[in-house]
Amino acid sequence: MNAYKTYITIADPKQLVLSDLPFKAGQRVEVIILTDDNQRVTLAEELKKLFKEIQAIHADNPLNDEEIVAEIEAYRQGE
């Protein structure tokens, strides 16, 4: 049995389109569909969302240089 592996992104959840396959017309193939539930992707999306929320908060209430230095010092001292 030969294997062919390809990756696609679902555009329409009602149909799956595979093109440019290396098979002959009439050739019987077995199709197995596996999802890539990559936790890293989910975590990265959540982190981006958090960064945007933090940036929005900062835009409404920006820190000055003295406050930034105080935050760094407090962090270094374990506060």
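K5 is found in the segment before α1. The structure is a predicted model. The largest pocket has a volume of about 1,100 Å³, and K5 is among the residues closest to its centre. A search of the whole structure finds 1 aromatic pair, formed by Y4 and F23.

**K5 and its surroundings**

- K5 counts as exposed because its relative accessibility is 66%, and exposed residues are those over 50%.
- The side chain of K5 makes a polar contact with the side chain of Y7, at 3.2 Å.
- Between the C-alpha atoms of K5 and L21 the separation is 9.9 Å, with the two residues 16 apart along the chain.

**Largest pocket**

- The volume of the largest pocket is about 1,100 Å³.
- The pocket is lined by 24 residues, of which Y4, K5, T6, I32 and I33 are the closest to its centre.
- By residue class, the lining of this pocket comprises 15 nonpolar, 5 polar and 4 charged residues.

**Aromatic pair**

- The whole structure holds 1 aromatic pair.
- The ring centres of Y4 and F23 are 5.8 Å apart and their planes meet at 80°, so the pair is edge-to-face, a class that takes planes over 60 degrees apart.
- Y4 and F23 both lie in the segment before α1 (39-60), 19 residues apart, and the pair links distant parts of the chain.

**D20**

- D20 lies in the segment before α1.
- The phi of D20 is near 55°, which is a positive value in a residue other than glycine.
- D20 counts as exposed, at 74% relative accessibility.

**Helix α2 and its ends**

- Helix α2 covers residues 65-76, 12 residues in total.
- From its first C-alpha to its last, α2 reaches 17 Å, close to the 16 Å expected at 1.5 Å a residue.
- The N-terminal end of α2 is capped by N64, with a side-chain oxygen 3.1 Å from the backbone nitrogen of E66.
- After α2 comes G78, which has a positive phi near 80°.

**I54 in helix α1**

- I54 is placed in helix α1.
- The C-alpha atoms of I54 and G78 are separated by 22 Å, and the residues are 24 apart along the chain.

How values were computed:
Residues are numbered from 1 along each chain as its sequence is written. This is a predicted model: local features need pLDDT of at least 70, side-chain atom pairs count only at pLDDT 80 or more; totals for chains, interfaces and linings use all residues. Side-chain values use heavy atoms; hydrogens and water are left out. On a 1 Å grid over the protein atoms alone, a cavity is a set of points where a 1.4 Å probe fits but cannot get out, and a pocket is an open set with protein on both sides within 12 Å along at least five of seven lines; lining residues have an atom within 4 Å of a point. Grid points are joined across faces, edges and corners, and a volume is the space filled by probe spheres set on the points. Ala, Val, Leu, Ile, Met, Phe, Trp, Tyr, Cys and Pro count as nonpolar, Asp, Glu, Lys and Arg as charged, and the others, Gly among them, as polar. Rings of Phe, Tyr and Trp (its six-membered ring) pair if their centres lie within 6.5 Å; planes under 30 degrees apart count as stacked, over 60 as edge-to-face and the rest as tilted. Helices (H or I, at least four residues) and strands (E, at least two) are DSSP runs, numbered from the N terminus. The expected span of a helix is 1.5 Å times one less than its number of residues. A polar contact is a pair of N or O atoms within 3.5 Å; within protein, one must be able to donate a hydrogen and the other to accept it, and residues adjacent in sequence count only if both atoms are side-chain atoms. Buried means under 20% relative accessible area, exposed over 50%, partly exposed in between (1.4 Å probe, protein chains only).
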